[in-house]
6 protein chains.
Amino acid sequence: MYNVKVRAHVMVAHSLPDPFFGPAQNLHGATYITDVCFYSKTLDKHNVVIDIGMVDKILHETLEPLQYQNLDNLPQFKGKLTTTEFVAKYIYDQIREKLKGVFNGKISVTLGESHIAWATYESDE
Amino acid sequence: MYNVKVRAHVMVAHSLPDPFFGPAQNLHGATYITDVCFYSKTLDKHNVVIDIGMVDKILHETLEPLQYQNLDNLPQFKGKLTTTEFVAKYIYDQIREKLKGVFNGKISVTLGESHIAWATYESDE
Amino acid sequence: MYNVKVRAHVMVAHSLPDPFFGPAQNLHGATYITDVCFYSKTLDKHNVVIDIGMVDKILHETLEPLQYQNLDNLPQFKGKLTTTEFVAKYIYDQIREKLKGVFNGKISVTLGESHIAWATYESDE
Amino acid sequence: MYNVKVRAHVMVAHSLPDPFFGPAQNLHGATYITDVCFYSKTLDKHNVVIDIGMVDKILHETLEPLQYQNLDNLPQFKGKLTTTEFVAKYIYDQIREKLKGVFNGKISVTLGESHIAWATYESDE
Amino acid sequence: MYNVKVRAHVMVAHSLPDPFFGPAQNLHGATYITDVCFYSKTLDKHNVVIDIGMVDKILHETLEPLQYQNLDNLPQFKGKLTTTEFVAKYIYDQIREKLKGVFNGKISVTLGESHIAWATYESDE
Amino acid sequence: MYNVKVRAHVMVAHSLPDPFFGPAQNLHGATYITDVCFYSKTLDKHNVVIDIGMVDKILHETLEPLQYQNLDNLPQFKGKLTTTEFVAKYIYDQIREKLKGVFNGKISVTLGESHIAWATYESDE
């Protein structure tokens with residue numbers, strides 16, 4: 001099994017309006033260091049898992065609508081608790097959608113919200 | 001599949017009294033950068049894998065009895081070779097025990113003993 | 001010359017309301033990985049630059065009022081452009097004030113806002 | 001399941017002579033930060049997955065013939081597109097061969113070619 | 001004193017044709033993780049040391065002519081030993097030239113050639 | 001001004017037998033990620049600050065007598081509080097001594113004792 005991973009980042013504001021989150025109920029923010037990983041049992045004729053140039057473009061296109069935004073104000077997040085886990089899954093869904101028919105293998109998305117905390121969503125193989 | 005990972009560290013002395021370990025038979029020490037990762041197929045109603053505040057508390061409670069200790073002198077390690085692999089499993093066991101009835105999913109513990117060596121224990125899914 | 005450095009982090013929302021900042025005029029957010037460094041020509045009788053336990057406490061006390069906040073709403077930042085440089089200086093000022101009469105040497109504060117961008121304020125020696 | 005991971009690096013030149021790779025068709029180079037990871041369901045009588053000293057020796061022996069080389073000129077790579085994925089698999093194959101009869105478990109090799117891109121090959125469990 | 005630092009990278013081939021360099025006399029390659037740091041005693045009216053967007057653009061423009069190149073073939077390096085120190089100074093000179101009349105303060109350039117080796121050039125204050 | 005930096009590590013036990021250090025009075029241990037940095041206003045005829053191969057050898061020779069040791073038992077540390085600051089200065093002194101007549105410029109030594117704490121000693125320029 002092969003995989004390739006690329007990194008980018010996105011800076012957002014959001015709140016987590018549920019008493020469960022204590023002080024993180026406040027409007028605050030995060031830099032999410034975003035790692036997207038693509039898995040494949042085989043390499044293609046160019047000896048790659050996937051075209052990294054295309055991946056880089058798609059990753060930045062995916063992060064662009066979130067970049068410098070307040071997630072609380074974006075329609076797709078209305079009424080959602082935008083935890084790091086949830087945002088990882090959201091970014092995964094966007095990348096999966098953009099790669100429909102192009103890449104059907106396993107994908108994982110990891111968001112590092114600090115030097116001591118990360119959340120990941122990964123699809124089944 | 002989701003996962004969340006948190007990081008802490010612990011500084012211990014120990015020896016590995018078996019000729020197999022060469023100079024590491026001596027009493028020496030290590031900083032273990034300790035990453036604990038929790039896996040779940042679904043998110044709970046708060047859109048999280050597990051309460052990170054609770055995890056952070058449990059991780060520190062788990063490391064506390066090892067912090068600034070000589071593992072050779074702790075009763076639970078008497079007659080044990082406290083390799084990095086073994087200590088990773090020990091920390092896993094402690095966290096698993098503390099979370100009994102609260103979190104039953106896969107957990108992994110990685111100890112980084114330097115910038116060039118790591119050991120991990122992870123439970124079955 | 002000696003120095004010691006400790007790391008913590010803080011997660012905030014803010015906006016940079018000046019056309020100069022382009023999309024960062026929007027309300028967004030950041031995780032600031034915060035490194036505080038203390039410099040001294042000599043060590044004290046305990047062979048340290050400064051009591052690290054005290055430093056750790058002061059660093060967290062300094063970040064606490066910013067943690068999970070929207071800087072735009074805090075009175076001390078009203079009408080200020082809270083760039084990373086500015087926030088580094090603000091954190092420096094808070095730490096300097098808390099250490100008045102305790103530590104008079106050079107201090108620097110570095111904020112890492114992502115894996116590819118940092119800002120620092122450091123006092124004269 | 002346990003694993004242990006060790007890190008080394010290798011600095012090579014190569015070209016990727018296929019229009020697919022755009023500017024990377026040119027002769028250029030890379031530092032590959034090379035992580036090799038060994039997996040085992042159990043620890044041996046020394047409480048380790050594998051003898052780390054031996055692994056370190058084998059990893060350096062594996063990288064030695066590539067170190068400071070132009071991959072384009074090495075017979076084993078003639079006519080091959082030496083992508084990061086391909087080189088990860090090549091290093092895996094070399095380590096697997098050297099450990100024949102000594103370690104039969106899962107092995108993975110990750111090459112970090114920059115702070116924002118990685119490729120991995122891992123064997124089945 | 002303030003500073004801001006940004007990171008990018010460049011992947012090149014080169015050789016160091018002097019017996020002093022032992023095996024690095026061969027044509028080989030490197031990824032240089034490139035950190036450029038700008039220093040200023042004061043912030044401008046936007047509370048920044050320098051326009052980071054401009055810096056990012058200039059850093060990429062500076063690295064572009066080296067990206068995916070064999071330094072041995074570039075006219076500006078003919079007859080030069082392109083050590084990491086030398087390339088750091090070269091990149092510094094390019095950035096300094098591009099910023100002539102725009103930024104006159106201290107600049108430093110650090111190239112990380114692996115996880116265990118770095119070289120820096122920094123101008124006088 | 002140029003500098004080059006190289007990294008290695010050393011794993012030791014020690015205690016800090018003074019009530020000032022609280023729980024660190026116990027015999028415990030640390031991995032010190034050890035960065036040694038050499039500064040020079042000019043490059044030599046090989047376009048380097050210093051022969052990195054020699055530096056690497058000297059760094060490992062310096063760490064060797066500490067590697068896998070209990071600092072409390074080494075004669076050079078009898079009656080000393082082996083804080084991270086102190087050990088950084090000790091390693092500096094050893095390297096300075098070994099380079100007498102070979103390199104007379106500024107040298108700094110940084111020990112990282114965890115992902116959140118570092119100490120440095122640096123000589124005057």
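This passage describes how the chains of a predicted model meet one another.

The relation between chain A and chain C is considered at the outset. Two copies of a chain are related by a rotation about an axis and a shift along it. Here, a rotation of 180 degrees, with 0.0 Å of shift along its axis, superposes chain A on chain C with an RMSD of 0.0 Å. The two copies are thus related as by a two-fold rotation axis. The interface agrees in its makeup, since 100% of the interface residues of chain A are also interface residues in chain C, so the copies meet through the same surface.

The contact between these two chains draws 22 residues from chain A and 22 residues from chain C. The size of an interface is often given as the accessible area lost when the parts come together. Between chain A and chain C, about 1,800 Å² is buried, and carbon and sulfur atoms give 66% of that area. On the side of chain A, the residues that lose the most area to chain C are M11(A), Y68(A) and H115(A), which together account for 31% of what that side buries. Three strands of chain A, namely strand 1 (2-14), strand 2 (28-40) and strand 3 (107-114), each supply at least two residues of the side that touches chain C. Strand 1 of chain A gives the most to this side, with six residues. By residue class, the side of chain A that touches chain C divides into 11 nonpolar, nine polar and two charged residues.

A further interface is formed between chain B and chain A, to which chain B contributes 15 residues and chain A contributes 16 residues. The area buried between chain B and chain A is about 1,500 Å², of which 55% comes from carbon and sulfur atoms. The side of chain B that touches chain A comprises eight nonpolar, three polar and four charged residues.

Notes. Residues are numbered from 1 along each chain as its sequence is written. Chains are lettered from A and ligands numbered from 1 in the order in which they are written. This is a predicted model: local features need pLDDT of at least 70, side-chain atom pairs count only at pLDDT 80 or more; totals for chains, interfaces and linings use all residues. Side-chain values use heavy atoms; hydrogens and water are left out. Copies are superposed by least squares on the C-alpha atoms of residues with pLDDT of at least 70 in both. Contact means heavy atoms within 4.5 Å. Buried area is the accessible area (1.4 Å probe) that two parts lose on being put together, summed over both. Helices (H or I, at least four residues) and strands (E, at least two) are DSSP runs, numbered from the N terminus. Ala, Val, Leu, Ile, Met, Phe, Trp, Tyr, Cys and Pro count as nonpolar, Asp, Glu, Lys and Arg as charged, and the others, Gly among them, as polar.
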